[in-house]
Amino acid sequence: MPRVVPGSPRSGQGFVDPPDCAISASLQPSVLGFGDQTMLTKRTRRLTLRNTGTVALPIVSVDVSGRDEEVFISADDCGTSVPVGGSCHVSITFSPEAIGDRSAKLRVETGDHIVFTRDVTGRGV
């Protein structure tokens, strides 16, 4: 016999279990390169985080780390959660202070320990 779930529609055997609730998400694009960037100027790229699950998607953290993290700045409009079917944006700004290749890693952690990472690269010219 199905377990009793308050507020569920009745069936001939009693109450029906609700559909499985799951956290699922996607982060696009999958590649985050800036190419050549003139020193002391800024360029911003935007990624979209989509909640493809059946429950609100908690946002735990958004950060940049790595060898050249100081020239890559992250920002987001995600708040503390993304509603079912909703999306938010994560922006990365590259502002090289010297000539040469730069790299870091963007990390977006959501609920249920779902972690997205993107290598972030650019070259100061």
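# Disulfide, salt bridges and strand pairing in a predicted model

Biologist: Which cysteines does the disulfide join?

Modeller: The disulfide runs between C78 and C88, with an S to S distance of 2.0 Å. The link of C78 and C88 is right-handed, with 75 degrees about the S-S bond. C78 sits in the loop between β7 (72–76) and β8, while C88 belongs to strand β9, so the pair ties together parts that are 10 residues apart in sequence.

Biologist: Are C78 and C88 buried or exposed?

Modeller: Both C78 and C88 are buried.

Biologist: Switching to charges, how many salt bridges does the count come to?

Modeller: The count comes to 5 salt bridges. One of them brings together the side chains of D36 and R123, at 2.8 Å from N to O. Since D36 lies in strand β4 and R123 in strand β11, that pair ties together parts that are 87 residues apart in sequence.

Biologist: And what is the relative accessible area of D36?

Modeller: For D36 the relative accessible area is 43%, so D36 is partly exposed. R123 is also described as partly exposed, with a relative accessible area of 39%.

Biologist: Which residue forms a salt bridge with D101?

Modeller: D101 forms a salt bridge with R123, and the closest N and O atoms of that pair are 2.8 Å apart. Here D101 is in strand β10 and R123 in strand β11, so the pair ties together parts that are 22 residues apart in sequence. D101 is partly exposed, with a relative accessible area of 48%. Through shared partners, these salt bridges join D36, D101 and R123 into one network.

Biologist: What about R67, which residue is its salt bridge partner?

Modeller: R67 forms a salt bridge with D68, the closest N and O atoms being 2.9 Å apart. R67 is exposed, with a relative accessible area of 60%, whereas D68 is buried, with a relative accessible area of 8%.

Biologist: Now the strands. In which sense do β5 and β9 pair?

Modeller: β5 and strand β9, which covers residues 87–94, pair in the antiparallel sense over 8 bridges. Within that pairing, R46 stands opposite S91 in β9. β5 also pairs with strand β3 (residues 25–28), again in the antiparallel sense and over 4 bridges, and there L27 has L49 in β5 as its bridge partner.

Biologist: And how many bridges join β6 to β10?

Modeller: There are 6 bridges joining β6 to strand β10 (residues 100–110), and the two run antiparallel. As an example from that pairing, the bridge partner of V62 is V108 in β10. Strand β6, at residues 57–65, is also joined by 2 bridges to strand β8 (residues 81–82), likewise running antiparallel, and in β8 the bridge partner of P58 is S81.

Biologist: Let's go to the backbone. Which peptide bond is cis, with omega near 5 degrees?

Modeller: That is the peptide bond from Q28 to P29, and P29 lies in the loop between β3 and β4. As background, most peptide bonds are trans, and most residues other than glycine have a negative phi.

Biologist: Where is D112, and what is its phi?

Modeller: D112 is placed in the loop between β10 and β11 (114–124), and D112 has a positive phi of about 60 degrees although it is not a glycine. D112 counts as exposed, because its relative accessibility is 60%.

Biologist: What phi does H113 have?

Modeller: H113 has a positive phi of about 60 degrees and is not a glycine either. H113 is located in the loop between β10 and β11, and H113 counts as exposed at 69% relative accessibility.

Biologist: Last topic, the surface. Which residues make the nonpolar patch?

Modeller: M39, L40 and I99 make a nonpolar surface patch of about 330 Å². Of these, L40 has its place in the loop between β4 (32–37) and β5 (43–51).

Biologist: Why does L40 count as exposed?

Modeller: L40 counts as exposed because its relative accessibility is 66%, and the cut-off for exposed is over 50% relative accessible area.

Note on methods
Residues are numbered from 1 along each chain as its sequence is written. This is a predicted model: local features need pLDDT of at least 70, side-chain atom pairs count only at pLDDT 80 or more; totals for chains, interfaces and linings use all residues. Side-chain values use heavy atoms; hydrogens and water are left out. Patches are made of residues with over 30% relative accessible area and no salt bridge: like charges are joined within 9 Å, nonpolar side chains (Val, Leu, Ile, Met, Phe, Trp, Tyr) within 5 Å. Accessible areas come from the Shrake-Rupley method with a 1.4 Å probe; for residues, only the protein chains shown count as cover. A salt bridge is a side-chain nitrogen of Lys or Arg within 4 Å of a carboxyl oxygen of Asp or Glu. Buried means under 20% relative accessible area, exposed over 50%, partly exposed in between (1.4 Å probe, protein chains only). Two strands pair if DSSP finds at least two bridges between them. A disulfide is a pair of cysteine sulfur atoms within 2.5 Å.
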